[in-house]
Amino acid sequence: MSGIILTGDRPTGKLHVGHFVGSLRQRVALQNSNKFDEIFIMIADAQALTDNADNPGKVRENIIEVALDYLSVGIDPSVSNIFIQSQIPQLTELTFYYMNLVTVSRLQRNPTVKAEIQMRNFETSIPVGFFTYPISQAADITAFKATAVPVGEDQEPMIEQTREIVRKFNSVYGEVLVEPEIVLPDNKACLRLPGTDGKAKMSKSLGNCIYLSDTEADVKTKVMNMFTDPDHLKVTDPGKVDGNPVFTYLDAFCKDEYFAQYCPDYACLDEMKAHYKRGGLGDVKVKKFLLAVLNEELAPIRARRAEYESRLSDVYDILKTGTAVAEKKAAETLAEVKSAMKIDYFENDVILRAYKEKNGR
Ligand code: TRP
């Protein structure tokens with residue numbers, strides 16, 4: 001298999017373990033599979049501005065934060081290009097042409113946009129830029145001719161809308177763009193990791209996130225305070241594992257070998273779950289095990305982060321180089337797009353030749 005990866009995140013905050021199991025871990029695995037010819041990982045600052053227009057400082061500050069998150073999970077800058085969206089003007093130009101291929105009602109039906117409009121109470125005051133961000137996301141993906149887009153499940157409607165734009169463009173102007181596929185994690189627990197409070201989603205404003213950059217002490221406090229089964233009052237009570245975030249996190253992170261190391265009473269998670277359901281297994285014991293598992297998973301991430309934090313000028317260079325490589329690729333695609341649309345007027349006197357031909361001169 002050969003292919004091209006494009007993916008990214010909005011820099012509106014630090015990335016958390018939900019991002020990690022939902023997509024970052026998958027991106028690193030794809031990168032290390034050596035099956036892809038080119039990999040582009042984008043810090044989507046322009047998209048972040050679509051609903052943070054009055055707060056560019058927040059977006060700016062989080063660019064380096066997200067770059068550090070990427071590098072710390074194992075995105076390898078010698079293989080993957082990390083770049084900053086707003087520095088690639090070709091993406092904006094593509095967006096402008098794609099806007100003619102999408103209807104307002106189609107945008108209104110995009111479930112992710114719908115949910116976000118509700119969440120932000122935008123109903124009567126939706127910024128136009130925000131409303132059209134799925135089109136700009138299609139430009140991000142197609143500019144790189146991406147075949148694979150590893151993202152969280154919430155991005156599925158964006159990829160579907162991108163595929164529609166690709167089909168429309170290719171049918172009107174000729175085969176130039178490539179239809180991408182979404183790449184989701186196989187493990188169901190990873191699709192949407194709940195917050196530590198048991199709420200459906202981790203979100204900064206709810207204060208229910210475990211960040212990749214959290215210290216061991218932070219993680220300990222958060223795990224020991226995690227929501228569990230509210231009816232599991234005494235150790236001997238039977239407990240519920242479905243909808244119990246401690247077990248959802250274990251589903252997402254646990255490997256059998258961790259039991260031998262940290263909780264040898266059980267051989268695997270199913271045995272531990274069975275005991276919890278029967279009664280006789282206390283929350284503290286399960287939480288301590290989860291804490292050990294999380295620390296095992298986060299330790300190498302923390303170490304790489306510390307390493308990159310000690311050489312921030314290298315991080316700056318990584319972003320600069322990645323952005324230059326990305327711009328070159330986007331410029332190539334934009335040139336093809338304009339030529340297919342026959343608006344590349346100054347290429348080989350196209351505009352004059354077309355006029356002369358029509359008027360027989
Ligand atoms: N929408 C993504 C997010 O919310 C960020 C993003 C922008 C993106 N453009 C993209 C993701 C293109 C994948 C492909 O974080």
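The shell around the ligand comprises six nonpolar, five polar and three charged residues (Ala, Val, Leu, Ile, Met, Phe, Trp, Tyr, Cys and Pro count as nonpolar, Asp, Glu, Lys and Arg as charged, and the others, Gly among them, as polar). The model is predicted: local features need pLDDT of at least 70, side-chain atom pairs count only at pLDDT 80 or more, and totals for chains, interfaces and linings use all residues. Residues are numbered from 1 along each chain as its sequence is written, and side-chain values use heavy atoms, with hydrogens and water left out.

Of the 14 residues around the ligand, those that come nearest are Met42, Gln47, Gln137, Asp140 and Gln155; a residue is near a molecule if one of its heavy atoms lies within 4 Å of it. Strand 1 (4–9) and helix 8 (133–143) each supply at least two residues of this shell, and strand 1 gives the most, with four residues. Helices (H or I, at least four residues) and strands (E, at least two) are DSSP runs, numbered from the N terminus.

A pocket is an open set of points on a 1 Å grid over the protein atoms alone, where a 1.4 Å probe fits, with protein on both sides within 12 Å along at least five of seven lines; lining residues have an atom within 4 Å of a point. The volume of the largest pocket is about 1400 Å³, taken as the space filled by probe spheres set on the points. Its lining has 49 residues, with Arg10, Thr12, His19, Asp154 and Lys201 nearest the centre. By class, 18 are nonpolar, 17 polar and 14 charged. Strand 1, helix 1 (17–32), helix 6 (111–119) and helix 8 each contribute at least two lining residues.

The second largest pocket holds about 230 Å³ of space. Ala46, Gln85, Thr92, Thr95 and Ser136 are the closest to its centre among its 16 lining residues. Helix 8 provides the largest share of this lining, four residues.
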